[in-house]
Structures are given as C-alpha cells and as structure tokens.
Amino acid sequence: MPHQTSLKTVKRSNEPFWWALFSAGGVIAALCVPVLLFMTGLAIPLGWMDAPGYEAMYTLFENPLSRLVILVIVSLSAFHWAHRFRFTLYDGLHLKHLNAPVAFFCYGCAILFSAYAAYSLYSF
Amino acid sequence: MSYGRYKKNHPWLYHKKPPLLWWVKKWAYVRFILRELTSLGVAFYVVVLLTYVNAVSQGPEAFAVFSDWLKSPLSLGLHGIAFIFVLFHSITWFNLAPKAMVVHLGKKRIPGRIILIMNYSMWFVVTAGFFWLLTTV
C-alpha cells in the first residue's frame with residue numbers, strides 16, 4: 001500500500017508567524033530604540049539635552065497617534081525579544097529539550113506585555 | 001529503524017553534548033551570542049518607555065519621581081549598557097538585511113548596496129525625526 005499523506009494530518013508550523021513578528025520588531029527596534037534610549041535614558045538625565053517639561057510630555061502623549069506609535073514600538077519589540085531570547089536559550093544554554101516551556105514563557109511574556117501596554121496606553 | 005531491546009552501545013550514547021560555554025573560544029561565536037543578547041537591551045528599553053508614559057499619565061509627582069530615577073547611577077549604568085546593545089542590534093540588523101531581502105524592481109534585482117544605503121538613510125531620518133520631536137515639544 002503506497003504511503004499517503006492526507007492533508008488533514010499535516011500539522012502546520014506556526015514558526016513563520018513568530019518569525020514575522022520577530023522580523024517586524026527587529027526593524028522597528030533597529031530604527032527607533034537607539035535614538036529614544038539615548039535621549040530619554042542618557043542625554044536628558046545627564047543634562048546634555050533640555051529636559052522636556054511635564055506639560056509638554058502630557059500634550060505629546062495625549063495625542064492618540066503618539067500612543068499608537070508607542071504601542072507599535074513596544075509591542076513589536078517585545079515579540080522581537082521573545083523570539084530572539086528563545087533561540088539564545090536554545091543555542092547558548094542547550095535548552096532544546098525544554099522547547100515548549102521556553103517558547104511558552106517567551107511568547108507568553110510578549111503577549112502579556114503587549115496586552116498591558118495596549119490597556120495602559122488606551123486608558124492614558 | 002528500531003534498535004529493539006538492545007540497550008548497550010546505543011548511537012545516542014556517543015553523542016557528546018558541547019560544553020555550555022562552547023561559544024567563548026572564537027570571536028565569531030562570541031559576536032553571535034552578543035548579537036542574540038541585544039534583545040535584552042531592547043526588552044529593557046521598551047519596559048522603560050512604557051513606564052515613562054505611565055508616569056506621565058499618573059501626574060506630575062509620578063513623572064518627577066521617574067525622572068529622578070532616570071538620573072540614578074543604576075539607571076544610567078543600565079541605559080549605557082543597553083545603548084551599546086541596541087546600537088549593535090541596529091548595525092548587525094541593517095548589515096544583514098541585504099542578504100535576507102531580495103528586492104526586485106521589474107526584472108532587475110536591486111543590489112545589496114542600495115538596500116544597505118536605504119536602511120541607513122531610513123535610520124538617519126527616523127533618528128532625526130525623534131530628535132526633532134523631543135526638542136520642539
């Protein structure tokens with residue numbers, strides 16, 4: 001009897017989905033994170049740049065477009081972290097036997113963080 | 001192929017696990033692990049960024065407390081390390097893009113050099129844009 005693979009038994013991999021999020025997050029993080037981190041985390045606290053006042057920041061974040069941009073940055077970057085960190089654990093620490101829990105932990109963190117970010121940015 | 005009940009000298013007994021620090025012996029491997037670890041810098045900053053927005057949302061006092069924390073040596077140290085990591089991420093990401101992306105214009109393939117230039121130009125525009133935004137608010 002010839003070997004037959006029915007379409008129903010072929011399990012579709014969900015790897016391309018996570019990879020797409022990883023890739024999109026990689027681009028967003030590469031473009032946006034260095035300048036934002038440098039300004040808010042180094043240049044402003046060290047006094048190299050004028051600190052924007054509370055009112056100015058409030059006005060900026062009050063704009064839904066600003067919050068949407070921030071949501072896209074933080075959420076996609078979180079999925080970028082999840083995918084890359086998952087494979088860092090695989091390759092660096094040889095946790096291949098823990099495939100499922102590691103993936104669950106990494107993507108779970110990214111999903112929870114994104115949900116929290118969406119909620120807190122929506123209810124600004 | 002089944003080995004049945006034969007237990008002695010299984011092939012997998014010969015599979016040696018590489019040591020945990022297999023990557024420290026060669027600079028190329030160290031660079032690979034460092035590149036993979038840049039994701040921790042990215043993760044650190046997105047948490048900070050969301051906390052920043054939440055602090056503004058909570059009011060002037062919370063914003064002042066958070067701004068003071070940003071001036072602490074701990075924060076400056078973490079941001080300093082994270083900044084090197086995210087720079088490394090950006091550079092390695094943009095440099096790899098021409099190899100990962102095959103873009104066609106009509107029937108011609110766009111050369112990698114052009115994609116590289118486009119990436120770095122885009123990075124420059126986004127950086128200048130955010131800088132302009134935060135200096136004019």
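## Nonpolar core

A nonpolar core is a set of buried Ala, Val, Leu, Ile, Met, Phe, Trp, Tyr and Cys residues joined through side-chain atoms within 4.5 Å; buried means under 20% relative accessible area, with a 1.4 Å probe and protein chains only. This is a predicted model, in which local features need pLDDT of at least 70 and side-chain atom pairs count only at pLDDT 80 or more, while totals for chains, interfaces and linings use all residues. Residues are numbered from 1 along each chain as its sequence is written, chains are lettered from A in the order in which they are written, and side-chain values use heavy atoms, without hydrogens and water.

The largest nonpolar core holds 64 residues, and A:Leu36, A:Met57, A:Phe61, B:Tyr52 and B:Phe130 have the most contacts inside it. Among the helices that each supply at least two residues of this core are H3 of chain A and helix H1 (27–58) of chain B. H1(A) gives the most, with 14 residues. Helices are DSSP runs (H or I) of at least four residues, numbered from the N terminus.

## Helix H3 of chain A

H3(A) covers residues 64–93, 30 residues in total, and reaches 42 Å from its first C-alpha to its last, close to the 44 Å expected at 1.5 Å a residue. The expected span is 1.5 Å times one less than the number of residues. Of the 30 residues of H3(A), 21 are buried, so the helix is largely enclosed by the rest of the structure.

## Ends and exposed residue

A:His94 follows H3(A) and has a positive phi, near 55°.

A:Leu65 lies in helix H3 of chain A. A:Leu65 is exposed (over 50%), with a relative accessible area of 57%.
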